[in-house]
Amino acid sequence: MLVSLLSSQYSRIQTIAEAWIAQGAQAFGVYEHGRPLVYWPSGQRMLPPDLTAAIYQYDEIVGELHLSGLRNEAARRRLQADASLIGYILQLEYELQCLTADLVTSQDQQLALYRLTQAMRDLVTIRETLTAVVSEAQRMLKGRSGFAAYIPTHGGDPLIVQSAENSLNTEAIWRLYWQLQTADRPLLLSEEDGDLRRPPGVRNLMLIPIRVRGMVMACLGIMDRADRFGTPELKLGRAIADQASAQIERILLYQEMVEQARLRSEMDLARRVQTDLLPRSLPNVSGLDIYAYSRPALQVGGDFFDFINLPNHPFIFTIGDVSGKGVSAALLMSMTRTALHSKAQFMPAPTPALVMRQSNEDLYNDFTRIGVFATVFVGQYDDAERVITYANAGHAPVIYRPRNGRAELLLADNTAIGILPVNHFQNRSLAIEDGDLLIVATDGFSDARNDQDELFGIERLLVAVDELAAQPAQAITDALFRAIDQFSAGHPQDDDQTLIVLKGAAP
């Protein structure tokens, strides 16, 4: 170090030497461990010193100043001051060199971290990310081998990634991972410290937690560095773990976005399928003004309505409500509608009770196995007699309003489909002359709630029907939906809402 100082500060030390010669000294020199490094006057043989002064660096003697020709007290004190000055300059030079080395190392590390970030930018799997992290961490931290372990919180498979030089078995890696989980901080395990948590054959080991969303979801391990792992390596290891954490977070967000997009696509498809299952147009039936509409609470639901209007075949309409909401209810709705439709369409002489009975027999086992049921209303219209024959399997509300009377609730006289293996459904009849009104809705109407958690209820529905009875079927339907929306303003729709309005009209 003293030789390096002489190279960089030669002119300053020469000035000190020339000042001594001008003061009458015969010779001045700088020595290291008794060996002269430089002296003045140059070219002459160095004389034995009359005075010496030690040069210190951090309390350690690294050299001496030798002076010949002067030996008084003032010369001694001045020589000691010169030695202290040279020691101070030497210390500054050393600190500057250390700072420069630290800056170079820091710059190299920042460049390496930047390269790691760039390399991970296009990675889309956690395995690829951990592989890149292990490789770069092993190189930057100068370890012989490395590994990473990852356990997802969403129930996926755990993952271990190892460098090619790693010799640890998976059991040892998981044991280290759980030690890190318990400690909840970085671990430095070394042979010198006698740490028994080290796997056999490992001299030293640094374990760094990788936190994702506030939890330790992964760890990074670097083993067998030539020197011990210290504070600089720990800081670098944490920086690498932070980069890995950010990349894993991005990957998880990407995977969640893909999954959400897939679910949205599936829900959109399910909604389109369910919409296609509903009648695309309203039937034209002599003597009836008909309108129907269905609004699910979610993208898909368990309500349905259907019309069977074929030549030489009685006009049949159905409406139903499968227990539950969402995709599961939509699948069961499709089963129920298909069963009713096929029976109503292909029976040689269908009646509402017969259609309901055979559909219940078809669906009972499946519904019982998964614990669901469906309320269903099946109606059949005879245009010659102006009569609606119907069977009701637990369905409500069903409202009948004769032209000159008040709206009344028709109670169901049979249990829902899927409750009993054999159900003796009965046919009931209603006159449907001009102005008579039959409204069949699902319980999403009567059970609609407002901000005070108050139900719309049957009574409000009956009053609304009385007020709207003079209007056409479509206007009645639109007005009932508006009444529900106004009542429930500020409260989300809790259940599917479906409505069929049949009003007697001139043939």
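Modeller: Strands here are DSSP runs of at least two residues, numbered from the N terminus. The model is predicted.

Biologist: Which strand does Ser294 lie in?

Modeller: The run to look for covers residues 288–295, and Ser294 falls inside it. That run is strand E10.

Biologist: Is Ser294 buried or exposed?

Modeller: The cut-off for buried is under 20% relative accessible area. Ser294 has a relative accessible area of 15%, so it counts as buried.

Biologist: Which side chain makes a polar contact with the side chain of Ser294?

Modeller: Leaving out residues up to four places away in sequence, Ser294 touches Leu278, Asp303, Phe305, Gln497 and Thr498. One of these also makes a polar contact, side chain to side chain, at 2.7 Å. The partner is Thr498.

Biologist: Strand E19 covers residues 497–504 and includes Gly504. What is the relative accessible area of Gly504?

Modeller: Leaving aside neighbours within four places in sequence, Gly504 is in contact with Gly287, Arg386, Ile432, Glu433, Asp434, Gly435 and Asp436. Gly504 is buried, and its relative accessible area is 7%.

Biologist: By what distance are the C-alpha atoms of Gly504 and Asp436 separated?

Modeller: Along the chain, Gly504 and Asp436 are 68 residues apart.

Biologist: Which residue takes a positive phi just after H4?

Modeller: Helix H4 covers residues 126–140, which makes 15 residues. Among its buried residues are Ile126, Leu130, Val133 and Met140. Just after H4, a positive phi of about 60° is taken by Lys142.

Biologist: Which residues have the most contacts inside the largest nonpolar core?

Modeller: In soluble globular proteins, nonpolar side chains tend to be buried together. The largest nonpolar core in this model has 46 residues. Those with the most contacts inside it are Phe315, Phe317 and Leu438.

Biologist: How many residues are in the second, separate core?

Modeller: Phe317, from the largest core, touches residues including Phe377, Ile388, Leu438 and Leu502. The second core is separate and includes Leu141, Ala148, Ile222 and Leu236. Its number of residues is 28.

Biologist: What type of aromatic pair do Phe445 and Phe481 form?

Modeller: The model has 12 aromatic pairs. For Phe445 and Phe481, the rings are 5.0 Å apart centre to centre, with 70° between the planes. An angle over 60 degrees counts as edge-to-face, so this pair is edge-to-face.

Biologist: Which helices do Phe445 and Phe481 lie in?

Modeller: Phe445 and Phe481 are both buried. The pair links distant parts of the chain, 36 residues apart. Phe445 is in helix H9, and Phe481 is in helix H11.

Methods. Residues numbered from 1 in each chain as written. Predicted model: local features only at pLDDT ≥ 70, side-chain atom pairs only at ≥ 80, totals over all residues. Heavy atoms only, no water. Core = buried A, V, L, I, M, F, W, Y, C linked by side-chain atoms within 4.5 Å. Buried < 20%, exposed > 50% of the residue type's maximum accessible area, 1.4 Å probe, protein only. Contact = heavy atoms within 4.5 Å. Helix = DSSP H or I, 4+ residues; strand = E, 2+ residues; numbered from the N terminus. Polar contact = N/O pair within 3.5 Å; in protein donor to acceptor, adjacent residues only side chain to side chain. Expected span 1.5 Å × (residues − 1). Phe/Tyr/Trp six-rings, centres within 6.5 Å; stacked < 30°, edge-to-face > 60°.
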